[in-house]
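Welcome! Please take a look at the sequence and the structure shown here before reading on.

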Amino acid sequence: MALPTNGRVVIDTTAGEIEIELWSKETPKTCRNFIALALEGYYDGVIFHRIVPGFLVQTGDKTGTGGGGESFYGEPFEDEIHPRLRYAHRGLVAMANNGTKNSNDSQFFITLDRADELHGKHTLFGRVMGDTVYNVMKIGEMEIGENERPVYPPKIKSIRIVDNPFPDIIPRITAAEKRAQQRAREAGQREREEAERRRGAKKDVKLLSFGEEQDGETEPVAFKKKNIARPDLVDNLNTTGIPMPESLLNPPKKSSEPPRERASEKEPSKHEKASKSSKSEGADKDIKKIRETHAKEKASGSDARRTEIEQMESEIRRLTRKRDGGEDSDEEAARKKTKRTKSYLEEELSKYSKGRGFQKKGKGKKDEGDVLAALNSFRGMLQSNANLEMEDVVEEDDRVDDSGGRTIPGGEDPGIEVDDDRGFIGHALHFPKDDGEETRKAERDYEVIDPRQRGARAREEERERKRTAMKGKNGRGRR
């Protein structure tokens, strides 16, 4: 039977929660160290750096290498081996050491199976409770790489103290304060990086900026205006004080060479002429192609427009004929003719539709006189058939055979069946007179069994048997 626990914590990991109960009475120093480090937030963000499938998962090293860790006491503390705490099943929590005795700090591990070889070497101080052991097993099934390190290591988010067996513990710093310090450090780091970035950035003086952004260091830019000279508007160029360029003061002289020589100098070569002629021919071909495509598009557009106009005109004509009550177009007449044609089935059904409810609605109702006449004829038919039926009954009675009681129809072969369509009108339902014989026969041949009556009869027989047995005993006692 396991020893009772005192203390409970919940480890929130990326693989789910792990609920642990502590043996704080059997291992007080180890449990105090674990609770104090959890209160200080030491385990927040620590990964499971070692996974041995089917054996254990290990965590508690702040560096994540497996070689770090520190205790709440400031130095490694001694082992607390209890004889009744043994590694008999999975989900047991124990302290990890560096391979020697009394070298416990902050690292701990959780077993994944029975591990008798660890007894006496590591301090066992807790056990995983409930279904949260399956989260531990999930961690133990993760992919691992070299040196038993997981490829994607799970992480401890935080540890929640549910039942603190040591209320006198005063943490050096709480987990909330530690998180606040971490946030402040991160914010300061970001500010330093931003200041360094601003200091190293160069100002682009070409961009527009306000005076306070330039910090008053840059001087205002002076724009120099160029003088505009118009010598054609000035009568005397020397009287103006504006300096004139030499190109305006001394314009170039006209060439005195004959135009023939200049033309001969500018005359192009044969190669240039051939290239120019080929280019002009290609341009003419392209222009012709463009004109042809344009003409085709124009013709197709005009044809489409013409067909659309014709369709609109035909639609207008049809609407006017319909409004005036005239005949429809030839196409619609042909379409109506095709619609009016009936199939062979419809023609056959139309032959037998008279008097069978196939009349279409809207063609008029039958006259009431016709209906009354049909009813009177049917009533007369019934009366005539009733008289015929009485005569047939009398004839059948005469033809009854004395020996077998079978009827022999006169003048007809017994094997021939006569089909009379009006025979159904004269049919009547007759029952033989009951003189009580059938009732007596049913009572004689059939027995109604009631299970309740059978049980009552059996109980009555049992009582009668006991009664006779008692009478026999009383008679023997009197003798």
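The report below covers a cavity, a surface patch and some salt bridges in this predicted model.

## A cavity inside

A search of the whole structure turns up 1 cavity of 30 Å³ or more, and the volume of the largest cavity is about 40 Å³. Its lining includes Glu80, Ile81, His82, Leu85 and Tyr87, along with His119, Gly120, His122, Thr123 and Leu124. By type, these lining residues divide into 4 nonpolar, 5 polar and 1 charged.

Leu375 sits in helix 9, which spans residues 368-398. With a relative accessible area of 48%, Leu375 is partly exposed.

## Salt bridges

The count of salt bridges comes to 17. One of them joins the side chains of Glu148 and Arg50, at 2.9 Å from N to O. Glu148 lies in the loop between helix 2 (133-140) and strand 8 (156-163), and Arg50 in strand 3 (residues 50-52), so this pair ties together parts that are 98 residues apart in sequence. Glu148 is partly exposed at 33% relative accessibility, and Arg50 is partly exposed at 29%.

Other pairs sit within a helix. Arg199 and Glu196 meet in a salt bridge of 3.0 Å; both lie in helix 3, 3 residues apart, about one turn of the helix. Glu437 and Arg440 also form a salt bridge, and both belong to helix 10 (residues 437-445). Finally, Glu194, Arg197 and Arg198 are linked in a network of salt bridges.

Notes. Residues are numbered from 1 along each chain as its sequence is written. This is a predicted model: local features need pLDDT of at least 70, side-chain atom pairs count only at pLDDT 80 or more; totals for chains, interfaces and linings use all residues. Side-chain values use heavy atoms; hydrogens and water are left out. On a 1 Å grid over the protein atoms alone, a cavity is a set of points where a 1.4 Å probe fits but cannot get out, and a pocket is an open set with protein on both sides within 12 Å along at least five of seven lines; lining residues have an atom within 4 Å of a point. Grid points are joined across faces, edges and corners, and a volume is the space filled by probe spheres set on the points. Ala, Val, Leu, Ile, Met, Phe, Trp, Tyr, Cys and Pro count as nonpolar, Asp, Glu, Lys and Arg as charged, and the others, Gly among them, as polar. Helices (H or I, at least four residues) and strands (E, at least two) are DSSP runs, numbered from the N terminus. Buried means under 20% relative accessible area, exposed over 50%, partly exposed in between (1.4 Å probe, protein chains only). A salt bridge is a side-chain nitrogen of Lys or Arg within 4 Å of a carboxyl oxygen of Asp or Glu.
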